[in-house]
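Q: Could we go through this entry together, part by part?

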Amino acid sequence: MSSLFEEIATPPSSDIPIRRVTITVNGEPRTADIEPRLLLADLLRQGLKLTGTHKGCDTTNCGACTVLFDGRPIKSCTMLAVQADGHSVKTVEGLASASELHPIQEGFKEKHGLQCGFCTPGMMLAATALLEKNLNPTEDEVRWALSGNLCRCTGYQNIVKAVLWAAEKMRAESN
Amino acid sequence: MYPSRFKYEAPKSIAEAIALLDAGKGDSKVLAGGQSLVPMLKLRFAFPDQLVDINNIPGLNYITFDADGTLRIGALTRHEDLEFSAEIAKRQPTIAAAAPLVADPIVRARGTFVGSICHADPQGDWAATMIALGGHLVVQGPKGKRTIDMKDFVLGPYATALNYNELAIEAVIPAPKGKAIGGYLKLERRVGDFATASVAVSLDMDGTKVLRAGIALAGVGGKTIDANEEASFLVGQTLTEANINKVAELVAAKSEPRTDHRGSSDYKRQIVRTFVKRILTANSAQKVA
């Protein structure tokens, strides 16, 4: 079966023009020729092979596909890839540096913030967006910020602990 | 799931967007935040020939108060912008109460106030809020601008008074006559679910006396329920327990809930009654002078 990206990169006779888009993904400009209906999540996963962005529900509910779009969290299954032309996108692959994990990632490791791991990339990016606005969140604020991300395993307890752990570490680092 | 094919246009000005909508002859959809439209495209409930993406038009994301207190919200103002606006928190209690209850935080970072109103989902939070506030929309078409009162705007589920070649560019909320008080309560099974029932209340007060009262409901009818006539019982009155109970009964009777998996019609009507009482009681306890 051909992938969605391959299929729609060469559409059958159609009067819909292919668009060339350039998106800064995790700091690097990436160019793709796409049909306008391609979703950002599919461009990331199938076009750019960045499969850390997960597609869970595909209906704007679960938040597994959350990425940062110009710094704001968005559900990448609910944005057209063509809309990202000229913008910057950060996926879970962009969190760690070459030598060390992002504090959020460390937090998930330290506090066992995942079980199956499917929701984890979306959780970490939603948490990153929170900590960029508020480095000293209360537990309630963490729960509120993650309320658009569903987890079927953990009961959220350790995810919340992981984010609070990361916040503490980031506060210590910024001092 | 992916949408059926469409042409995609990203105009840089309002005039260009209107020209594209006009040329599209009714087979176009405007894309703002896309948090309702994109899911509908993916389910192929919507299959427009053309999408007109207005996100590249500058100057449409604003929250401003005129000198007289009139509030203006631009077509690209995101729910989150309202949620975190200090001015809204200070001056517009009904919107401030509703903003954190719209969808979920990630959807709020992208979805827009005006887009949500134009989507006209019967369970939409903002249409109810706007009706309670007595707001209107400024829309622009090939022949210029006109205003549409919110109470005339929603015609039915997903149907509005907007012509195919018009773009809603601004929501306007009139200045309160006195001190603005009010609130918004929503019952949802979990964050991001459609409302089981929600209630928007907006009052203008002179001391303890009600000068203007607006109430509207979402989730309890085929469209947003305008209960402003029922709310007007409060005008000239004070917020006594008897008055609050009376208006809660009137508003509950005005709701048209249907029994479904979110609850029975009686249950939803009871929620409406309770929410009206809760909002008014909380406000009556405040010092409003």
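This is a predicted model: local features need pLDDT of at least 70, side-chain atom pairs count only at pLDDT 80 or more; totals for chains, interfaces and linings use all residues.

Q: How many residues does the contact take from chain B and from chain A?
A: Chain B gives 22 residues and chain A gives 25 residues; two residues are in contact if their C-beta atoms, placed from the backbone, lie within 7 Å.

Q: Which elements of chain B give two or more residues to that side?
A: They are β1 (7-9), α2 (37-42) and α6 (105-108) of chain B. Helices (H or I, at least four residues) and strands (E, at least two) are DSSP runs, numbered from the N terminus.

Q: Now the sheet: what is the strand order?
A: The order is β4-β5-β10-β6-β7 (chain B), an open sheet of five strands with antiparallel pairing. Two strands pair if DSSP finds at least two bridges between them.

Q: Which are the edge strands?
A: β4 (63-65) and β7 (144-149) of chain B each pair on one side only.

Q: What links β4(B) to β5(B)?
A: Three bridges join β4(B) and β5 (residues 71-74) of chain B in the antiparallel sense. B:Thr64 stands opposite B:Arg72 of β5(B).

Q: On to domains: what is the assignment for chain B?
A: Chain B has domain 1 (7-53), domain 2 (63-173) and domain 3 (179-285), with bounds from an automatic or database domain assignment.

Q: How do domains 1 and 2 of chain B meet?
A: Their contact takes 12 residues from domain 1 of chain B and 19 residues from domain 2 of chain B. On the domain 1 side, the largest share, five residues, comes from α1(B).

Q: And the largest nonpolar core, how many residues has it?
A: It has 140 residues, and A:Ala81, A:Ala127, B:Val199, B:Ile215, B:Val272 and B:Val276 have the most contacts inside it. Such a core is a set of buried Ala, Val, Leu, Ile, Met, Phe, Trp, Tyr and Cys residues joined through C-beta atoms within 7 Å; a residue is buried if 20 or more other C-beta atoms lie within 10 Å of its own.

Q: Which helix gives the largest share of this core?
A: Helix α4 (residues 120-133) of chain A supplies eight residues, the largest share.

Terms used:
Residues are numbered from 1 along each chain as its sequence is written. Chains are lettered from A and ligands numbered from 1 in the order in which they are written. A residue is buried if 20 or more other C-beta atoms lie within 10 Å of its own, exposed if 12 or fewer, and partly exposed in between; C-beta atoms are placed from the backbone.
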